[in-house]
Amino acid sequence: MLPQPASDLVDKKSMQYSDPESDVYGQGKKSEYVTETPTYATDERLGENEEYGEVKELRRGLAQRHIQMIALAGTIGTGLFLGSGKAIARGGPLGAFMGYSFVGVLVTGVVLSIAELSALLPLSGAIIRHAEHFVDPTLSFAQGWNVVYTSMVSLPAELTAAAVIVQFWSTINSAVWITVFGILLIGSNLLFVRVYGEMEFTFATLKIMLIVGLNIMALVIVCGGGPDHHAYGFQYWRNPGPFVEYLGIKGDLGHFLGFWTTFSNAIYAYSGIENISIAAAETQSPRRNIPIAAKRIFWRVCIFYILSIFMVGLIVPSNDPNLLHSTGNAAQSPFVIASKRAGIKVVPSIINFVVLTSAWSAGNSGLLGSSRTLYGMAREGRAPKIFLRTSRMGVPYVAVGFISLFMALGYMSLSSGASVAFGWLQDLVSVAAIIGWMVICTVYLRFYYGCKVQGIDRSELPWKAPFQPYAAWLSLTSFIVLLLTGGYAVFIKGHWDTETFVSSYINIPIFIILYFGYKFIKKTKIIPLAEIPIRHFIDIANANPEAPAKPVVGWRRLNILWS
């Protein structure tokens with residue numbers, strides 16, 4: 001049965017608007033911190049602690065299985081299937097394994113942080129909205145537009161990637177495929193959010209099947225079950241070795257620099273993993289389902305990322321020249337290289353098909369996330385109010401349409417040399433991911449210490465994340481170091497590269513300008529820890545209980561990936 005139109009859920013005559021934070025920031029002090037008062041719908045039939053107004057305007061069409069799969073679908077893609085080869089070539093099999101493992105631990109801390117915040121405050125736009133209430137409206141503005149402009153360059157890049165991948169089978173001009181994929185992308189985002197959820201569920205299933213299949217293939221090859229019947233074992237860890245002397249620098253220093261360089265590949269592969277909460281207002285029972293997905297992120301990271309990078313490091317030597325040969329399609333995948341070396345010929349087409357769905361999936365989740373970000377910002381006065389318009393199916397169609405306009409940039413790749421520009425624009429996305437993760441950790445730590453100052457026990461929250469605040473502190477400090485050292489190679493004599501320098505550091509001044517520019521214009525102030533409205537949001541959560549989860553019985557108790 002299709003969801004009811006938003007107009008059927010709330011009697012507009014009985015709806016009034018009030019500020020649920022009016023007595024929370026302090027007597028008459030809220031204007032010192034927030035210049036535009038956020039408003040929430042209040043239904044007189046349900047009392048003053050009614051759920052947030054946007055829940056009535058957006059459709060809660062994402063079920064638990066959708067949310068859990070979106071956590072995978074938005075992250076597993078070209079960064080793992082194709083980009084992992086560069087990590088092995090630059091850092092060696094052990095260096096790549098360590099790099100992906102370390103970043104996996106860091107992003108787990110990020111996911112736990114955003115899940116705890118979203119369980120308490122399930123708002124569309126996630127961390128952009130949380131920053132408004134727990135830190136400063138200026139931080140909300142800066143991160144919001146950081147996400148939006150990132151989508152403006154990543155969406156056309158994903159369309160271009162999809163068009164290039166199709167060239168593996170077809171000689172039709174790429175412009176045709178960019179147009180076709182763009183129309184399909186817009187159409188899926190303008191339909192019911194449940195349609196989006198079902199599509200992402202399907203794509204994620206394909207990716208999981210491919211990863212499982214490739215790891216089984218790698219294990220068979222390692223053990224000597226391939227057509228050549230050669231048992232590889234750990235031979236490539238001995239020769240050419242577990243590490244690579246990066247940039248020709250000899251000894252331990254060269255090995256360490258190669259290991260450090262794998263972080264950029266790992267960050268790109270993990271980017272978007274925090275998107276489990278971006279559409280929280282459209283998630284069924286978000287206070288129950290988002291934490292369930294977050295708790296399983298650790299196992300997903302271990303199985304799908306770390307295990308895969310370990311297995312591929314066993315079957316492809318780090319000095320294979322094909323690892324650094326970027327073709328844009330499956331030919332550069334380390335799994336394809338391994339299968340060719342072992343004499344298996346059917347794998348390239350299979351990988352290419354799933355990588356194509358990965359590019360589509362990344363574009364799909366990117367358009368959903370950025371449009372909901374615009375919607376959330378418009379509610380808080382950080383973007384034009386026109387982005388608040390929703391269709392009768394509960395989709396913010398104006399926001400979707402605005403972001404979709406920038407897909408036309410994909411046609412730039414048809415000219416000579418433009419595809420190179422899109423390469424380092426994708427690097428911008430990776431740096432923006434680090435900044436976004438830093439913002440999540442910062443907002444969470446403010447929230448955590450706000451609870452301490454106000455004497456609120458975290459057991460009162462809808463969900464209390466484990467390992468906090470240590471996980472957030474570890475992630476924050478590590479990402480600061482990675483952000484500042486991301487382009488370290490350009491500072492080594494003889495290795496200066498302007499494009500690398502710009503793509504590694506341009507996001508820093510952009511974010512600073514957004515932050516201090518808005519603060520200068522709006523004169524906002526950071527909300528004191530004692531005046532963060534945590535108690536009020538707990539009251540809202542308690543006044544809107546969710547149905548308990550169905551008890552898990554039998555073999556399902558052993559399920560650590562999805563329900």
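Trainee: At what angle do helix H7 and helix H8 pack, and how far apart are their axes?
Mentor: Helix H7 (residues 127-134) and helix H8 (residues 137-166) pack at about 170°, with axes 7 Å apart. That makes H7 roughly antiparallel to H8, as angles over 145 degrees count as roughly antiparallel. Axes are lines fitted to C-alpha atoms over the stretch in contact, and angles run from 0 to 180 degrees between N-to-C directions. Helices are DSSP runs (H or I, at least four residues), numbered from the N terminus.
Trainee: Which residues of H7 make the contact?
Mentor: Ile127, Ile128, Ala131 and Glu132. Contact means heavy atoms within 4.5 Å.
Trainee: Where do these numbers come from?
Mentor: This is a predicted model: local features need pLDDT of at least 70, side-chain atom pairs count only at pLDDT 80 or more, and totals for chains, interfaces and linings use all residues. Residues are numbered from 1 along each chain as its sequence is written, and side-chain values use heavy atoms, leaving out hydrogens and water.
Trainee: New topic. Is Ser84 buried or exposed?
Mentor: Ser84 is buried, with a relative accessible area of 1%. Buried means under 20% (1.4 Å probe, protein chains only). Ser84 lies in helix H6 (residues 84-120).
Trainee: What does Ser84 touch?
Mentor: Leaving aside neighbours within four places in sequence, Ser84 is in contact with Gly79, Tyr100, Ile309 and Pro334. Pro334 is buried too, in H15.
Trainee: How many residues of H15 are buried?
Mentor: 7 of its 9 residues, so H15 (residues 334-342) is mostly covered. Just after H15, Gly343 takes a positive phi of about 90°.

Key
Helix = DSSP H or I, 4+ residues; strand = E, 2+ residues; numbered from the N terminus. Buried < 20%, exposed > 50% of the residue type's maximum accessible area, 1.4 Å probe, protein only. Parallel < 35°, antiparallel > 145°, perpendicular 65-115°, else oblique.
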